[in-house]
Amino acid sequence: MAIAEQQAQGTGERSWHSIVLQTLKRNAISLIPYVPDRVLTPLIKNLHADPFFTTFATAREEEAVGIVSGAWMGGRRGAVLMQTSGFATLANVLASLAVPYQIPLIMFVSERGTLGEFNYGQSLVCRTMRPVLDSLALEHHTITRLDELEFIADRSIKQAVTTQAPVALILSPLLTGGKVFDK
């Protein structure tokens, strides 16, 4: 369990996943395709349980981006949930669809590849994700603290919609607790 999550439980504060859900709702983002991820599971379960959201799994991250892009063109707002390794597959769809067609693609990325990661492949992708975002001139923020989450997520979503540009919100293991590595 993340330090922020433990502190939230002890003080009656909201969890990271409840903050994300409420921020999405407040910004009228109701379509949430995702690729299943253990770290994002509490958020995904709560999204499925809330009738405001249309939430479903996709086979690949590019598919989720295409769905959210088409929804935007049809007048509906969406966000994509994925983990770091899934982001590695997105350079083409970001550069050929989301950026040139000014899609305010909201991406929530659970960060793997750092802070005790056992999978070298995850570590490589983690080190390349931010340079890829920078090379595409995409706004991105790494959120490490519960007390910053709502402000950063809300303002980033508003900026993405207003400027019609994608944004990546990288959820650090310091915030979410990351993947638990069982022996």
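Leaving aside neighbours within four places in sequence, Asp37 is in contact with Ile44, Gln83 and Ser110 (contact: heavy atoms within 4.5 Å). The model is predicted: local features need pLDDT of at least 70, side-chain atom pairs count only at pLDDT 80 or more, and totals for chains, interfaces and linings use all residues. Residues are numbered from 1 along each chain as its sequence is written, and side-chain values use heavy atoms, with hydrogens and water left out.

Asp37 sits in the loop between β1 (29-34) and α3 (41-49). Helices (H or I, at least four residues) and strands (E, at least two) are DSSP runs, numbered from the N terminus. Asp37 is buried and has no salt bridge. Buried means under 20% relative accessible area, exposed over 50%, partly exposed in between, with a 1.4 Å probe and protein chains only. A salt bridge requires a side-chain nitrogen of Lys or Arg within 4 Å of a carboxyl oxygen of Asp or Glu. For Asp37, the nearest side chain of opposite charge is Arg112, 5.7 Å away; Lys and Arg count as positive, Asp and Glu as negative, and His and the chain ends are not counted. The Asp37 side chain reaches the backbone nitrogen of Leu40 at 3.2 Å.

Asp50 lies in the loop between α3 and β2 (54-57). Asp50 counts as buried because its relative accessibility is 14%. Its side chain reaches the backbone nitrogen of Phe52 at 2.9 Å. Not counting residues up to four places away in sequence, Asp50 touches Leu21 and Lys25.

The largest nonpolar core has 28 residues. Such a core is a set of buried Ala, Val, Leu, Ile, Met, Phe, Trp, Tyr and Cys residues joined through side-chain atoms within 4.5 Å. Trp16, Leu24, Leu81, Phe108 and Leu149 have the most contacts inside it. Two or more residues each come from α2 (16-26), β1, α3, β3 (77-83), β4 (106-110), α8 and β6 (167-171). Helix α8 gives the most, with six residues. Leu24 is in contact with Ile29, Ile32, Leu47, Phe53, Ala79, Phe108 and Ile157, leaving aside neighbours within four places in sequence. Another core, of 19 residues, lies apart from this one; among its members are Val80, Met82, Leu94 and Leu138.

Helix α8 (residues 146-163) has 18 residues and should span 26 Å at 1.5 Å a residue. The expected span is 1.5 Å times one less than the number of residues. The end C-alpha atoms of α8 are 26 Å apart, which agrees. Its buried residues are Leu146, Leu149, Ile152, Ala153, Asp154, Ser156, Ile157, Ala160 and Val161. Gln164 follows α8 and has a positive phi, near 55 degrees.

Methods
A polar contact is a pair of N or O atoms within 3.5 Å; within protein, one must be able to donate a hydrogen and the other to accept it, and residues adjacent in sequence count only if both atoms are side-chain atoms.
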